[in-house]
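Have the coordinates open while you read.

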Amino acid sequence: MNASRPPIAYTEGKRFAWACIPVSAIVLWLCVAAFREGKTGFFIAGLLLGGWAGVMGIVQFAMNGKAATMSVSDEGVRFADGLFVAFSDMEKITTINPFPNIFGSFLNIVFYVKPDVAVVQAGRSLRRAFCLTTVGGNISMVGKHKMFSFMTPGMRPMSGAKMDQDAILEDLFARFDAVRSH
């Protein structure tokens with residue numbers, strides 16, 4: 001039997017903020033150009049989009065690393081909203097980068113849980129509107145399968161050795177496979 005590993009608490013990084021700040025500046029500059037040309041609709045849309053991107057970047061910088069978004073133990077995964085899902089209740093885990101062409105790395109982990117597992121769908125929040133972590137309880141029903149996703153723009157351990165995205169996923173899958181093999 002494998003020795004128990006300590007849980008790892010992960011938090012969001014600043015990667016998304018580094019993309020939002022320049023995008024915000026460019027969009028606001030285009031907004032001013034639209035205003036000078038008398039294109040009021042483009043000016044308003046650009047002002048809203050540029051302002052939104054700027055606020056996202058500032059909020060991401062301000063929140064960076066202050067709270068755990070996901071903790072992984074040998075038993076399962078706990079999310080910031082308190083949701084805990086045991087590895088024994090999961091059927092499989094898949095991962096994707098939903099925005100591969102955007103600066104920075106987004107990580108979307110999809111947990112497929114057994115149909116009889118009770119997981120409550122979470123509501124929408126301001127954090128989700130600003131592309132901060134969309135966490136557990138973001139439930140989708142697809143046919144007879146129940147799944148939820150955890151998506152974050154950059155993820156890193158709160159303490160301990162730094163881990164890149166591949167090492168984070170390797171640890172997650174190793175813990176999941178250890179439970180599934182018993």
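## Around Asp 171

Leaving out residues up to four places away in sequence, Asp 171 touches Arg 5, Ile 8, Tyr 10, Val 72 and Met 163; contact here means heavy atoms within 4.5 Å. Asp 171 sits in helix α4 (residues 165-180); helices (H or I, at least four residues) and strands (E, at least two) are DSSP runs, numbered from the N terminus. At 13% relative accessibility, Asp 171 counts as buried. For that label, buried is under 20% relative accessible area, exposed is over 50%, and partly exposed is in between (1.4 Å probe, protein chains only).

A word on the ground rules: this is a predicted model, where local features need pLDDT of at least 70 and side-chain atom pairs count only at pLDDT 80 or more, while totals for chains, interfaces and linings use all residues. Residues are numbered from 1 along each chain as its sequence is written, and side-chain values use heavy atoms, with hydrogens and water left out.

## The salt-bridge network

The whole structure has three salt bridges, each a side-chain nitrogen of Lys or Arg within 4 Å of a carboxyl oxygen of Asp or Glu. Arg 5 and Asp 74 meet at 3.3 Å, N to O. Arg 5 lies in the segment before β1 and Asp 74 in the loop between β2 and β3, so this pair ties together parts 69 residues apart in sequence.

Asp 74 also bridges to Arg 175, with the closest N and O atoms 3.0 Å apart. That pair links the β2-β3 loop to helix α4, 101 residues apart. Arg 175 in turn pairs with Asp 171 at 2.9 Å; the two are four residues apart in α4, which means about one helical turn between them. Arg 175 is buried, at 1% relative accessibility. Through shared partners, Arg 5, Asp 74, Asp 171 and Arg 175 join into one network.

## Strands and core

Strands β2 (residues 70-72) and β3 (residues 76-79) run antiparallel, joined by three bridges; strands count as paired if DSSP finds at least two bridges between them. Met 70 has Phe 79 in β3 as its bridge partner.

Which residues touch the most other members of the largest nonpolar core? Met 70, Val 77, Met 90, Ile 109 and Phe 111 do, out of 23 residues. Such a core is a set of buried Ala, Val, Leu, Ile, Met, Phe, Trp, Tyr and Cys residues joined through side-chain atoms within 4.5 Å. Elements giving two or more residues to this core include β2, β3 and α4.
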